[in-house]
Amino acid sequence: MSNFSIILKREYLTRVKKRSFLIITFLGPLLFAALMITPSLLMLNSDKMESKKSIAVLDETNWFDGAIENTDANTFIYQDMNENVDSLKKLVFEGIYDAVLYIPATTLNVPVNAKLYSNKQIPMTLSSHIEREVKQVVEHKKLLASGIDPAVVKATKANINIATIRMDEESGEKTSYAEIEYIIGFVLAFVIYFAVFLFSSQVMRGVIEEKTNRIIEVIISSVKPFELMMGKIVGIALVGLTQIVLWIVLTVAIYFVASGVILGPEIMSPSGTVMTEQIEQITEMSKGQDVMLEAVNMVQSINFSAILWSFLLYFVFGYLLYAALFAAIGGMVDNETDSNQFSTIVSIPLIIAIVCAPTMVNNPDTSLGIWLSMIPFTSPVSMMLRVPFGVPYWQVAVSLVLLILTFILITWLAGKIYRTGILMYGKKPSFKEIWKWLKY
Amino acid sequence: MDNFIEINNVSKTYGDYKALNNISIKVPRQSIYGLLGPNGAGKTTLIRMLNQITAPDEGTIIFNGEKLNRNHISQIGYLPEERGLYKSMKVGEQAIYLAQLKGVSQKEAEKRLKAWFNKFGILNWWDKKVEELSKGMQQKIQFIVTVIHNPQLLIFDEPFSGFDPINVNLLKKEILELRDKGATIIFSTHNMSSVEELCDNIMLINKGQKVLEGSVYQIKQDFKDNKFEIKLRTSATQQLSNSATQVLPKGFYLESEKTDNNGELELIVSADKDINPNILINHLSEQGTIISYRELLPSMNDIFINKVNSL
């Protein structure tokens with residue numbers, strides 16, 4: 001085994017075997033899965049969690065007889081016109097009704113001042129349901145009063161949906177889905193930003209650990225400093241990839257197992273489920289548009305292989321570039337406190353890239369976007385934002401070549417700083433001294 | 001003469017700072033060589049060159065007849081001044097890792113380590129983390145990983161600093177044993193008294209310059225000032241004490257005398273060069289019983305200070 005692979009193996013195994021690695025690896029997907037499942041779980045159970053409510057309706061206008069529809073959770077019980085509001089309120093305290101909806105007599109020109117009495121907090125869903133229903137009925141009445149047939153009004157409602165089509169000389173016209181591209185770009189850029197920081201700062205900590213433990217000189221009497229540095233950088237890259245792959249696999253597994261156990265039977269059942277309800281709503285909203293076809297178009301419009309390849313390349317080389325920088329910082333300083341000054345300076349480009357991200361996804365092809373996705377220190381994040389929208393191949397190629405060349409140059413320089421720095425103990429070096437190290 | 005290491009006219013400059021200036025050394029095979037000098041003299045730079053951590057600007061280094069190269073790394077065992085181990089790694093795992101980096105296979109490393117651990121009676125530490133061990137225990141591990149690959153050349157930078165007296169003795173014993181088995185050993189230290197008894201040859205170095213080189217015996221002979229210490233027991237102590245100066249033979253001069261509580265008299269006598277000290281002993285043996293006699297040789301520390309001041 002070569003020294004490089006011995007070092008790589010140690011760097012990899014000691015980190016993967018750490019308790020904190022295991023905890024983060026398994027806790028992360030649980031959190032992700034929980035994040036994905038909880039909303040649907042809450043929606044599913046919200047009706048069940050709210051106890052059935054019966055609401056007494058005292059309608060003095062006599063417009064609403066049966067017009068406010070019952071829902072799963074709420075039953076509206078219409079009272080005789082002669083009932084007294086106060087006696088109905090008493091029934092609420094006695095627990096016979098949960099609430100009283102009082103609609104005082106009014107004329108069409110005066111706004112309806114309905115009141116909803118309850119001795120407990122009224123759920124938002126209930127009050128908005130009532131508002132919606134009341135509004136519909138009143139509008140209907142007003143239309144009729146003006147001599148307009150409500151059916152005519154309904155028929156004039158327009159359903160607008162602008163399809164954006166990007167023209168491309170090579171592949172012809174293509175429908176684009178900005179929203180989905182926006183999300184993919186944003187998520188992937190964020191993952192790169194986060195992972196590059198997380199794992200390259202681990203490289204720095206590893207180097208500092210070797211310095212503070214004073215083992216560094218023992219090791220470099222056996223191997224070249226460059227071998228040690230690269231072994232560490234690549235070893236931690238593998239730790240990072242392991243973690244990301246495990247996260248994805250576990251999140252998907254947990255999501256499916258959990259949704260199968262918790263949500264499963266209800267999703268299968270044909271009625272009263274969130275899924276079917278949502279789909280019904282979408283179908284209703286899109287008014288006859290073929291939802292499935294739309295979804296297929298959407299998926300087909302995204303160039304998955306391009307996105308995947310750029311993600312991998314930008315992640316790997318972005319990480320390598322920053323890992324080399326952080327390794328050099330680790331070599332310069334004796335403890336993590338001293339490293340802050342240097343690591344802040346080094347992190348600025350990445351932070352600029354992420355700060356510009358919202359502007360960039362709104363308009364990916366501005367000169368700002370193009371520059372940021374070319375400059376090697378920002379390109380891993382910035383280019384990732386643009387790739388889902390479709391970027392000319394030559395731009396990606398130039399950006400990647402620049403990134404790789406910079407990575408090689410920085411690694412070479414970092415190796416020089418590292419080589420000298422690891423044997424310096426005690427004081428934090430000045431920039432002038434670091435400049436001198438480069439020339440040794 | 002068979003030299004294991006030959007360093008020829010080596011110089012090294014860091015910026016404006018001349019760390020080593022035209023240094024040449026010959027280290028005979030299977031000997032113990034001491035690099036002595038104050039902090040900042042250039043000892044560590046020289047040692048790092050042997051370990052190929054840094055390269056000389058000028059000059060050559062010959063290792064066992066060949067020009068020093070990467071292949072020699074696995075034949076060198078190095079205990080740096082700044083030394084340590086991974087705190088959170090298990091002892092056995094870590095020792096195997098370090099041995100592997102020196103080119104020992106995992107299996108062989110484990111076998112040899114078990115033998116060493118057995119020898120030191122520390123087999124039960126194998127699965128402990130380094131941070132669980134005391135400082136003295138860590139030092140033992142550190143020594144074992146330095147020699148685990150059976151190096152032909154052993155380099156110890158400030159070997160005894162930070163070691164407790166028990167481990168220092170253990171270390172000395174083991175180092176002599178390794179020398180007897182064929183290893184060549186280089187010590188580097190500013191604490192000259194700690195190694196002079198072990199070294200066959202030494203070099204005194206100061207500010208990157210060689211001050212003095214040679215065998216310990218020869219250097220001491222060269223720098224001795226012909227002083228002797230004699231202890232006498234006599235019934236007529238008081239009387240002798242008073243007249244001791246007068247009764248010394250020609251060519252001997254009393255430097256000091258003192259009587260201890262047990263009535264023993266200690267004399268420090270200096271002598272003219274080339275005079276036979278037996279004359280003094282014969283003379284004094286008539287005055288009482290001679291308990292001890294020894295030639296006072298200067299310590300390396302004295303020689304160093306003497307030499308540096310005279311430059």
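Modeller: A residue is called buried if 20 or more other C-beta atoms lie within 10 Å of its own, and exposed if 12 or fewer do. The model is a predicted one, and with that in mind the part I would look at is Ile96(A), which sits in the loop between α3 (85-94) and β3 (99-103) of chain A. Ile96(A) has 12 other C-beta atoms within 10 Å, and is therefore exposed, since 12 or fewer is the condition for that class. Seen from Leu35(A), Ile96(A) is 61 residues away in sequence, and the two C-alpha atoms are 39 Å apart in space.

For chain A it gives domain 1, made of 3-30 + 179-259 + 303-439, and domain 2, which covers 51-156. Taken over C-alpha atoms, the centres of domain 1 of chain A and domain 2 of chain A are separated by 61 Å.

Chain A has a mean pLDDT of 80, with 85% of its residues at 70 or more. Among the elements of chain A, helix α1 (residues 3-16) of chain A has the highest mean pLDDT, 92, whereas helix α9 (residues 274-286) of chain A has the lowest, 50. Over residues 266-274 of chain A the pLDDT stays under 50, and for this stretch the model has eight contacts beyond four places in sequence.

Chain A also touches chain B, and the contact takes 16 residues from chain A and 18 residues from chain B. On the side of chain B that touches chain A, the largest share, four residues, comes from helix α2 (residues 91-101) of chain B, and by class that side has 10 nonpolar, four polar and four charged residues.

Along the principal axes, the C-alpha atoms of chain B fill a box of roughly 75 × 50 × 35 Å. Of the 311 residues of chain B, 35% count as buried, and among the contacts in chain B with a separation of 6 or more, 70% are accounted for by residues 24 or more positions apart.

Terms used:
Residues are numbered from 1 along each chain as its sequence is written. Chains are lettered from A and ligands numbered from 1 in the order in which they are written. This is a predicted model: local features need pLDDT of at least 70, side-chain atom pairs count only at pLDDT 80 or more; totals for chains, interfaces and linings use all residues. Two residues are in contact if their C-beta atoms, placed from the backbone, lie within 7 Å. pLDDT is the predictor's confidence in each residue, from 0 to 100. Helices (H or I, at least four residues) and strands (E, at least two) are DSSP runs, numbered from the N terminus. Ala, Val, Leu, Ile, Met, Phe, Trp, Tyr, Cys and Pro count as nonpolar, Asp, Glu, Lys and Arg as charged, and the others, Gly among them, as polar. Domain bounds come from an automatic or database domain assignment.
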